[in-house]
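Student: Could you take me closely through the place where the ligand is held, and tell me which residues surround the ligand?

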Amino acid sequence: MIAVATESVRFFENQFQRQVREGEFVLNPFERLTLPYLSGEVLDLGCGIGNLALEAARAGCRVTALDGSVTAIGNLRERAACAGLALEAREADLGRHRIERDYDAIVAIGLLMFFPRETAHALLADIAGHVRPGGVAAINVLIEGTSYLGMFEPGHYHLFAPGAIQGVLAGWEILAASIDAFPAPGDSRKVFETVIARRP
Ligand SMILES: C[S@@+](CC[C@H](N)C(=O)[O-])C[C@H]1O[C@@H](n2cnc3c(N)ncnc32)[C@H](O)[C@@H]1O
């Protein structure tokens, strides 16, 4: 078993334990947006509780789902087995991870901001480099303007500059792109940038 001992993974571990207790398994808006663009072999990095991974598998994708949360991966494996879905779910420390092969789609929803700038950009470049021609990358990150920092380890996160993701995916066909702001605890806010793009 891999123990990923960052503050951020601990934050989500608690959230996932509550979600499992309360049976809360709902696709978030970014997952709902991404699902129709997925096909073939899919890598979901930072899959969380795995609602998108499960729905993609149900739609016929061959999904590999990675996350640092023991609770999330354990629960995802159970739900996939119950549904008879051949989905591979593994614990991984994504701050040290290198993608080993190419995929038709690589998803990183709400993940890359949990690493220092250099690591975040290295993983983003690794994602872009492992999407097959004609395949899709679906990236969602918190960007500058976000003032809710409760789920971050101090000094161990990166708020992307607006447009930075599209900059890395320059030359790709943009299938969907948005910036969305949401209120957060203590009068703060979270600002997300989402980009879904097809590699030429
Ligand atoms: C905001 S949640 C997003 C989960 C899911 N993609 C979704 O959209 O609901 C961030 C996820 O990143 C994972 N994560 C953060 N840091 C990680 C690390 N160093 N290694 C592996 N997973 C990590 C957390 O466990 C959590 O599941």
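Tutor: The protein chain has a mean pLDDT of 96, with 98% of its residues reaching 70 or more, and this is a predicted model, so pLDDT is the predictor's confidence in each residue. Within the protein chain, that confidence is lowest in H1, where the mean is 94, and highest in strand E4 (residues 103-109), where the mean is 99. Turning to the site itself, the ligand sits in the largest pocket, and 20 residues surround the ligand, the closest being Asn 28, Gly 46, Asp 67, Leu 94 and Ile 109. Helix H1 (residues 7-22) supplies the largest share of this shell, namely 3 residues, while by class the shell is made up of 11 nonpolar, 6 polar and 3 charged residues.

In the side chain of Asp 93, an N or O atom is 3.5 Å from a nitrogen atom of the ligand. The ligand taken alone exposes 590 Å², and the protein buries 90% of that area.

Technical notes:
Residues numbered from 1 in each chain as written. Predicted model: local features only at pLDDT ≥ 70, side-chain atom pairs only at ≥ 80, totals over all residues. Heavy atoms only, no water. Near = heavy atom within 4 Å. Polar contact = N/O pair within 3.5 Å; in protein donor to acceptor, adjacent residues only side chain to side chain. Areas by Shrake-Rupley, 256 points an atom, 1.4 Å probe, with all protein chains shown as cover. 1 Å grid on protein atoms, 1.4 Å probe; cavity = no way out; pocket = protein on both sides within 12 Å on 5 of 7 lines; lining within 4 Å. Sits in = over half its atoms within 2 Å of the grid points. Helix = DSSP H or I, 4+ residues; strand = E, 2+ residues; numbered from the N terminus. Nonpolar A, V, L, I, M, F, W, Y, C, P; charged D, E, K, R; others polar. pLDDT = per-residue confidence, 0-100.
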